[in-house]
Amino acid sequence: MNSNSLYQGIVEDAGDTRPILIVPYMWIGDFVRGHTVVRVLKQRWPNRPVDLLTTSLCAPLADYMPGVRAGIVWDLPRGRLALARQRGLAAHLRERNYGTALVLPGTWKSAIAPALAGIPERVGFFGEVRFGLLNRLRWGERTLPRFIDKNASLALPDGAPLPAEWPVPQLRVPAEDISRWRQANALGTNPAVALAPGSVGASKRWPYYAQAARLLTERGFGVWVVGGPGEKAFAAEIVAAGGPAVRDLTGTDLRNGILAMAAAGVAISNDSGLMHIAAAIGTPTMGIFGPTSPYLWAPLNGLAATVQTRTPPPCEPCQRTICTMNDHACMRTIAASDVAAIAEQVLAGTAAGVGH
């Protein structure tokens, strides 16, 4: 995208060097998609440093995001106010002299620390009655078509029309980091298929990863299972089905998952954070969709293949985390043999834009 295409005719102050803080969503996939906001800001104000508030879990992502000066790691509990922690964060932010805070989540709690820190310009959508906490309120969030439009539009001039296309999120992983990671895990240099069986919500989980792993190893491919500690049981099942050519690479450090996705020849994932990570890196990515809509939730980067059932039930997409109709038919009717065949095509470089 032309760096001036979003702001044609708008002249920003090139001498403005005040740092900007982004308060993003802390789910992994949404955190990755929030890098579009960084890119929009850097187009508009190339001389203003941009920092991201982050949890310990998401912190490794900030290290690979072009245009991010620093990730401000501060873990706040999800289920309670934790005012003492908010005050501590505000004191930390005050020391960094931010000129602007973009608060992406629409919650009251997400705007507390920037307000307590006295950041002069605090921008966000109206959300949960945030008068006083935000002083540049935006309206009309519900009229915006997609999640990414709601995020990135906060960095536009107030009232500016949405562009036809946003700059895509990026994660740049140095080749030397990938090489060291391969050596540390004794993985050699051959391309492998990375499987990401995890998801937030059981309904988004495709049930046949173990069968796909067996088919892929029979065709001579190495298979890596990538995910967090919650995927250990799935990884054990997949390793048992696929045999010694399958490696369990699940663990507690998200950096390990980032490097695995960067090193893989192709990634196969549910609609999950790892799908967005792989796509932002540029790894050919197959996204398996059932209860969620690819239009709303596929990566902006695009997918090597969007995999959906040939026989969609009338309830698809339902956007539910647990299937309450049709016995999970939207995912059960996607065959392992079809997924393995598409993966083989992607590895051969012939499946760009393939849909199932």
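Close-up 1. D149 is buried, at a relative accessible area of 2%. Buried stands for under 20% relative accessible area, exposed for over 50%, and partly exposed for anything in between (1.4 Å probe, protein chains only). The model is predicted: local features need pLDDT of at least 70, side-chain atom pairs count only at pLDDT 80 or more, and totals for chains, interfaces and linings use all residues. Residues are numbered from 1 along each chain as its sequence is written, and side-chain values use heavy atoms, with hydrogens and water left out. D149 meets R146 in a salt bridge, 3.1 Å from N to O. A salt bridge here is a side-chain nitrogen of Lys or Arg within 4 Å of a carboxyl oxygen of Asp or Glu. R146 is also buried, at 18% relative accessibility.

**Close-up 2. The salt bridge between D338 and R310.** The closest N and O atoms of this pair are 3.5 Å apart. D338 lies in helix α14 (residues 336-347) and R310 in the loop between β12 (305-307) and α13 (329-332), so the pair ties together parts that are 28 residues apart in sequence. Helices (H or I, at least four residues) and strands (E, at least two) are DSSP runs, numbered from the N terminus. R310 is exposed, with 60% relative accessible area.

**Close-up 3. A network around R18.** Salt bridges with shared partners link D16, R18 and R48 into one network. Within it, R18 pairs with D16, with closest N and O atoms 3.0 Å apart. R18 is partly exposed at 37% relative accessibility. D16 is buried at 12%. Across the whole structure, a search finds 12 salt bridges.

**Close-up 4. Helix α2 and its cover.** Helix α2 (residues 35-44) has 8 of its 10 residues buried, so the rest of the structure largely encloses it. The buried residues are H35, T36, V37, V38, V40, L41, Q43 and R44. Their cover includes β1 (20-23), α1 (28-33), β2 (50-54), β3, β4 (100-103) and α6 (147-152).

**Close-up 5. L104 and its contacts.** L104 sits in the loop between β4 and α5 (112-116). L104 is buried, at 5% relative accessibility. Leaving out residues up to four places away in sequence, L104 touches I22, V23, P24, Y25, V37, N151 and L154. Contact means heavy atoms within 4.5 Å.

**Close-up 6. The packing of α7 against α10.** Helix α7 (residues 175-184) and helix α10 (residues 254-263) pack at about 100°, with axes 10 Å apart. Axes are lines fitted to C-alpha atoms, for helices over the stretch in contact, and angles run from 0 to 180 degrees between N-to-C directions. The two helices, α7 and α10, are therefore roughly perpendicular, a term for angles of 65 to 115 degrees. From α7, D177, I178, W181 and R182 meet N256, L259, A260, A262 and A263 of α10.

**Close-up 7. A nonpolar surface patch.** L81, L83, W108 and L116 form this patch, with about 330 Å² of accessible area together. Patch residues have over 30% relative accessible area and no salt bridge; like charges are joined within 9 Å, nonpolar side chains (Val, Leu, Ile, Met, Phe, Trp, Tyr) within 5 Å. Areas come from the Shrake-Rupley method with a 1.4 Å probe, and for residues only the protein chains shown count as cover. L81 lies in the loop between β3 (68-73) and α4 (83-94). L81 is partly exposed, at 35% relative accessible area.

Note on methods
Parallel < 35°, antiparallel > 145°, perpendicular 65-115°, else oblique.
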